[in-house]
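Me: I'm new to this one. Can you walk me through it in plain words?
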Amino acid sequence: MNSNIESLYQIAQKPTRAIIGLMSGTSLDGLDVALCEISASGEETEVKLIEFETVDYSEDIKLEIRSVFAKQTINFQKLVLLNEWIGILHANMILKCLNKWQIDADKIDLIASHGQTVFHAPKILHQQEKFPNATLQIGDGDHIAVKTGIITVSDFRQKHVAAGGEGAPLAVYGDYFLFSKKGENRIMLNMGGISNFTYLPTSSNPEEVFVTDTGTGNTLIDAFTKLHFPNKSFDQDAEIAKTGSINESLLESLKSHDFFTKSFPKTTGPELFNIDYVKKAQAQSNTTNISISDLLATLTRFSAETIAEAIHFVINTSIYDPQTFTIYMSGGGAHNPLLVQWLKELLPCTFAKTDDLGISGDAKEALLFAILANETVSGGKSNFGKLKGIPSVSMGKISFPY
């Protein structure tokens, strides 16, 4: 037996595995690094978060990624170079974290690398009949494995696409394994650059689980904050938006895109929701001269209303009293008091954070990819039936260090 296969076999048999989950989202803030101890698999999964850190991306890193990020036309050589470079970059970030935590690399069983999304192209967006759903994350897993000496599982989204999904949202699997609870209707709402949620029914039946993107989360708010205030990467505590007023004409134009009329579940990304999207809406609504505070207030309301309308779809089609639903928030949007305030006004639900369930909302996505890697080597037995967007498959490609 190949020694790498033998090592993987031994890891799969362990009662508890030490797995580092990595996540870098569309906000390009940095790399989330979550060291987890995971035992069992599937519905019996148990996770303990041992260490967590967000390693910030420098401005140089952000500029390099933005040169290819969500663009139809790019320098193809740059994309190829970045694939390797980001893999090495992430590997070095992992090693620095391990050094800070005083943990030897040989104590880690697996790395679960999401990679850096550079283009998301579900059919709902590209609308080219002969082509399938597609998505691309860069940051080569082989480079991470070789540089760290740790078996790496990466490129999770491709299997999801191959099995009929859109490559997102993948949080549904970990959400169900960790947070499903009989007797409570739970909505796990993640508000990152793009917002998505998982509905976990009170029955805990996996065939009743629902997941979808809702549209924008923080991506437009962040983009226009950076554009008008170069020293700010986001509107902290909605300080700017809170001084503005919602422009109803612009809000109506922002919500007029046919993405919002397409059936659930669906996915999207900054390929659609970007600066050009807003500028077109401003031109259509004759609001190009509104203040930045009014613009940020309107963009925050845009996120709130589209999230709420998507959640209303689940609430209104369920047999349960809307007041029995609890929304557990995570992601950067959970720290935006204005966004949260408006969601509470728009939805008849109880609100909490995933922190209340023992999982840091900031670490949640990285932790969920650690769970997917655990499923790759030790699970893969859960059946979500024939639910659209949730294929019952193991995901991730395995890279050996030697």
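Reply: A term to start with: a cavity is a set of grid points where a 1.4 Å probe fits but cannot get out, and its lining residues have an atom within 4 Å of a point. Helices are DSSP runs of at least four residues, numbered from the N terminus. Keep in mind that this is a predicted model.

Me: OK. Which element gives the largest share of the lining of the largest cavity?
Reply: Helix H13 does, with three residues.

Me: How many cavities of 30 Å³ or more are there?
Reply: The structure holds one. The largest cavity has a volume of about 100 Å³. It is lined by 13 residues, and the closest to its centre are Tyr173, Phe177, Glu375, Gly380 and Val393. Two elements give two or more residues to that lining: helix H7 (171–179) and helix H13 (364–378).

Me: What classes of residue are in the lining?
Reply: Six are nonpolar, five are polar and two are charged.

Me: New topic. How many salt bridges does the structure hold?
Reply: There are 11. Side chains of opposite charge can pair when their charged atoms come close.

Me: What does Lys255 pair with?
Reply: Lys255 meets Glu305 in a salt bridge, at 2.7 Å from N to O. Lys255 sits in the loop between helix H9 (248–254) and helix H10 (275–285), while Glu305 is in helix H11 (residues 292–317), so the pair ties together parts that are 50 residues apart in sequence.

Me: Are those two buried or exposed?
Reply: Lys255 is partly exposed, at 24% relative accessible area. Glu305 is buried, at 14%.

Me: What other partner does Glu305 have?
Reply: Arg301, with the closest N and O atoms 2.8 Å apart. Glu305 and Arg301 are four residues apart in helix H11, so about one helical turn separates them. Arg301 is buried, with a relative accessible area of 14%. Shared partners join Lys255, Arg301, Glu305 and Glu309 into one network of salt bridges.

Me: And Arg186, what does it bridge to?
Reply: Glu184, with the closest N and O atoms 3.3 Å apart. Both Arg186 and Glu184 are buried.

Me: Last one, the surface. Which residues make the nonpolar patch?
Reply: Met1, Ile5 and Tyr9 make a nonpolar surface patch of about 380 Å². Tyr9 is found in helix H1 (residues 3–13).

Me: Why does Tyr9 count as exposed?
Reply: Because its relative accessibility is 51%, and exposed means over 50%.

Key:
Residues are numbered from 1 along each chain as its sequence is written. This is a predicted model: local features need pLDDT of at least 70, side-chain atom pairs count only at pLDDT 80 or more; totals for chains, interfaces and linings use all residues. Side-chain values use heavy atoms; hydrogens and water are left out. Patches are made of residues with over 30% relative accessible area and no salt bridge: like charges are joined within 9 Å, nonpolar side chains (Val, Leu, Ile, Met, Phe, Trp, Tyr) within 5 Å. Accessible areas come from the Shrake-Rupley method with a 1.4 Å probe; for residues, only the protein chains shown count as cover. A salt bridge is a side-chain nitrogen of Lys or Arg within 4 Å of a carboxyl oxygen of Asp or Glu. Buried means under 20% relative accessible area, exposed over 50%, partly exposed in between (1.4 Å probe, protein chains only). On a 1 Å grid over the protein atoms alone, a cavity is a set of points where a 1.4 Å probe fits but cannot get out, and a pocket is an open set with protein on both sides within 12 Å along at least five of seven lines; lining residues have an atom within 4 Å of a point. Grid points are joined across faces, edges and corners, and a volume is the space filled by probe spheres set on the points. Ala, Val, Leu, Ile, Met, Phe, Trp, Tyr, Cys and Pro count as nonpolar, Asp, Glu, Lys and Arg as charged, and the others, Gly among them, as polar.
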